[in-house]
Amino acid sequence: MLAGMSASVEDVRVELERLRGSIDNIDAAIVYILAERFKYTQQVGRLKAEHVLPPADAEREASQIARLRRLAEDAKLDPAFAEKLLGFIISEVIRHHEQIAADSVKRA
Ligand SMILES: C=C(O[C@@H]1C=C(C(=O)O)C=C[C@H]1O)C(=O)O
């Protein structure tokens with residue numbers, strides 16, 4: 001666009017579509033990454049149930065939170081947001097682990 005000219009409605013539409021295309025790709029990557037993470041945490045849940053270990057591990061979580069907050073700061077992401085997001089994910093993992101443990105008790 002020439003300097004001093006304002007963007008046309010069409011220019012804005014094209015730019016919005018371009019940006020949203022990248023946002024959609026990132027959202028897809030997040031879904032795939034989360035699916036992979038849950039595959040591993042399910043394995044941890046089965047291992048814990050087999051060996052009668054507790055579903056949650058507060059010490060491990062504290063070190064993950066500290067690490068993620070540092071990574072977020074480096075990446076210019078709000079560390080409080082990163083912590084909230086990790087907490088949300090971990091609470092779902094613990095729910096799965098509790099379910100796996102309850103199922104394994106029922107089967108025993
Ligand atoms: C996956 C685990 O179980 C729980 C879930 C965690 C996670 O999602 O990262 C971390 C600690 C535990 O509270 C684990 O102990 O490693």
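User: Accessible areas come from the Shrake-Rupley method with a 1.4 Å probe, and for residues only the protein chains shown count as cover; what percentage of the accessible surface of the protein belongs to carbon and sulfur atoms?

Analyst: This is a predicted model, in which local features need pLDDT of at least 70, side-chain atom pairs count only at pLDDT 80 or more, and totals for chains, interfaces and linings use all residues. Residues are numbered from 1 along each chain as its sequence is written, and side-chain values use heavy atoms, with hydrogens and water left out. The accessible surface of the protein comes to about 8800 Å², and the part of that surface that belongs to carbon and sulfur atoms is 62%.

User: In what order do the elements of the protein run from the N terminus on?

Analyst: Helices (H or I, at least four residues) and strands (E, at least two) are DSSP runs, numbered from the N terminus. By that count the protein has three helices and zero strands, and from the N terminus on its elements follow the order α-α-α.

User: What is the radius of gyration of the protein, and why is the protein described as more spread out than a compact globule?

Analyst: The radius is taken over C-alpha atoms, and the globule rule is 2.2 Å times the number of residues to the power 0.38. For 108 residues that rule gives 13 Å, and the value of the protein is well over this, so the protein is more spread out than a compact globule. The C-alpha trace also spans about 75 × 30 × 15 Å along its principal axes. The radius of gyration of the protein is 21 Å.

User: What percentage of the residues of the protein count as buried?

Analyst: A residue is buried under 20% relative accessible area, exposed over 50% and partly exposed in between (1.4 Å probe, protein chains only). Of the 108 residues of the protein, the part that counts as buried is 16%.

User: Is His97 buried or exposed, and which residues does His97 touch?

Analyst: His97 is found in helix H3, which takes in residues 79-107. With a relative accessible area of 4%, His97 is buried. Contact means heavy atoms within 4.5 Å, and, when residues up to four places away in sequence are not counted, His97 touches Thr41, Val44, Gly45, Lys48 and Pro55.

User: How far apart are the C-alpha atoms of Glu10 and His51?

Analyst: Glu10 lies in helix H1, which covers residues 9-50, and at 43% relative accessibility Glu10 counts as partly exposed. Glu10 and His51 are 41 residues apart along the chain, and the separation of their C-alpha atoms is 61 Å.

User: What is the distance in space between Ser104 and Glu36, C-alpha to C-alpha?

Analyst: Ser104 is found in helix H3 and is partly exposed, with a relative accessible area of 23%. Ser104 and Glu36 stand 68 residues apart in sequence, while in space their C-alpha atoms are separated by 23 Å.

User: What is the value of phi near in Val52, and what is it near in Lys76?

Analyst: Most residues other than glycine have a negative phi. Val52, in the loop between H1 and helix H2 (58-74), counts as exposed at 73% relative accessibility, and Lys76, in the loop between H2 and H3, counts as exposed at 77%. Each has a positive value in a residue other than glycine: phi of Val52 is near 50°, and phi of Lys76 is near 65°.

Methods. Areas by Shrake-Rupley, 256 points an atom, 1.4 Å probe, with all protein chains shown as cover.
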